[in-house]
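Please look over the chain below before reading on. The briefing covers a sheet, the helix packed on it and a set of salt bridges.

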Amino acid sequence: MQGLLRSLWTEPRPPHPPRRVWRDWALVGLLVPVIVLEGVLRTDLQWRPLSVIFPLVMLVTLLWRRTRPLLSLAVPVAGTAAIQLLTGADPAEMSSMAYMLILLYALSRWGSGREALAGLVLICGTVVAAAVAGRLVAGDIVGAFTVVFAAAALGGTFRYRAGARMRELAQVKLLEREQLARDLHDTVAHHVSAMAIRAQAGIATAAADPDTAADAAVAALRVIEAEASRTLAEMRAMVLVLRRDAASAPLEMAPNPHLADLEQLADRPRTGPSVEVEIEGDLDGVPPSVGAAIYRIAQESVTNARRHARHATRIEVSVAAGETSVLLRVTDDGDSTAGRPIAAFGYGLLGMTERAGLLGGTCEAGPNPGRGWTVTAVLPRTGAPT
């Protein structure tokens with residue numbers, strides 16, 4: 001229990017709280033006529049001008065409820081207590097002041113652990129003070145505490161769900177980076193092995209025929225220089241990936257896929273949509289890291305299309321290699337009117353986007369104007385992240 005309380009106390013604010021959006025202004029604009037209408041129609045208000053002006057002035061706190069959650073709640077609560085103490089009037093006697101529950105929810109959702117605890121203490125202290133002063137009966141006290149803790153619990157629930165999703169997304173990105181790092185590691189190892197073999201061949205040739213030793217050494221050095229340049233480029237990409245998230249994972253012994261392996265995706269199953277693969281352009285010189293990324297994005301896109309493309313009969317995979325980039329398009333002819341949101345792909349699209357971004361490219365998915373969906377990925381031909 002002590003550990004739980006300590007963790008709640010040290011809980012930081014959620015990262016990147018959204019600032020004011022159009023919905024905030026719409027909420028304020030909706031509450032203004034509600035407050036004015038209640039002030040005009042109600043006949044039991046003891047301090048009508050004050051009861052109308054105070055809620056209208058305090059509406060501005062809704063605009064800062066995410067970035068300044070504790071202050072947004074403390075200002076109307078402290079203002080209500082000060083007015084009651086000085087004048088005996090209750091500026092929060094109107095039902096429309098219930099928007100303060102939104103401030104309490106925001107405090108639990110976006111505030112730190114210390115701020116949430118301070119806000120709860122402030123609210124509870126206000127309720128207790130009102131009960132001691134005789135402004136609340138026993139039933140109202142129970143109802144007030146119930147509403148307060150319900151609003152705080154609701155904010156905490158959404159906070160937990162958002163945090164869990166962020167952790168899942170971070171795990172997906174980490175796994176994709178680990179996979180890409182393994183692919184790059186295998187590529188670097190391949191180039192280094194080629195360099196070693198070529199050097200050994202040059203040494204053996206020079207020993208067997210001293211007259212051609214110079215020519216053999218020059219030829220070996222040229223191959224080594226080319227392989228070393230490729231290795232350095234791949235090594236930079238691998239180091240960049242490993243620096244972003246340092247983690248370890250079991251090594252996979254399966255060989256890395258390449259662009260030529262895309263033909264394996266083409267098949268005509270007995271059930272489900274068929275897959276057709278088309279490759280255009282000069283593929284010579286495309287780094288293995290780019291080829292592996294194109295293959296894995298295409299593989300994931302085909303899998304998603306087979307799972308989610310209703311009434312689809314065909315999936316087309318096209319790769320076009322240009323001078324500076326490699327373009328991948330995976331299109332299906334499924335029923336896009338059935339409501340196939342991007343979220344239906346789960347975390348597959350996130351992994352594809354992460355892999356493309358690590359290599360300096362982009363990956364997008366969306367519905368076609370007519371039928372079906374398309375996944376488009378563009379990767380730089382050099383495979384160097386920007």
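Is Glu 38 buried or exposed? Glu 38 is buried, at a relative accessible area of 12% (buried means under 20% relative accessible area, exposed over 50%, partly exposed in between, with a 1.4 Å probe and protein chains only). The model is predicted, so local features need pLDDT of at least 70 and side-chain atom pairs count only at pLDDT 80 or more, while totals for chains, interfaces and linings use all residues. Residues are numbered from 1 along each chain as its sequence is written, and side-chain values use heavy atoms, with hydrogens and water left out.

**The sheet**

- Strands of a sheet pair through backbone hydrogen bonds, either parallel or antiparallel.
- An open sheet of 5 strands has mixed pairing and the order β1-β2-β3-β5-β4 (two strands pair if DSSP finds at least two bridges between them; strands are DSSP runs of E, at least two residues, and helices are runs of H or I, at least four, numbered from the N terminus).
- Its edge strands, β1 (274–281) and β4 (362–367), each pair on one side only.
- On average, neighbouring strands of this sheet are turned by 10 degrees against each other, direction ignored (axes are lines fitted to C-alpha atoms, for helices over the stretch in contact, and angles run from 0 to 180 degrees between N-to-C directions).
- Strands β3 (residues 325–332) and β5 (residues 373–380) run antiparallel and are joined by 7 bridges.
- Arg 329 stands opposite Thr 376 in β5.

**The helix on the sheet**

- Helix α9 (residues 288–308) packs on the sheet and touches β1, β2 (314–321), β3, β4 and β5 (contact means heavy atoms within 4.5 Å).
- The direction of α9 makes about 10 degrees with that of β3.

**Salt bridges**

- Side chains of opposite charge can pair when their charged atoms come close.
- The count comes to 7 salt bridges (a side-chain nitrogen of Lys or Arg within 4 Å of a carboxyl oxygen of Asp or Glu).
- Asp 24 forms one of them with Arg 66, with the closest N and O atoms 2.8 Å apart.
- This pair links distant parts of the chain, 42 residues apart: Asp 24 lies in helix α2 (residues 22–41), and Arg 66 in the loop between α3 (48–58) and α4 (69–87).
- Asp 24 is buried at 1% relative accessible area, and Arg 66 also counts as buried, at 14%.
- Arg 42 forms a salt bridge with Glu 38 (3.0 Å, N to O) and another with Asp 44, where the closest N and O atoms are 3.0 Å apart.
- Asp 44 counts as partly exposed, at 48% relative accessibility.
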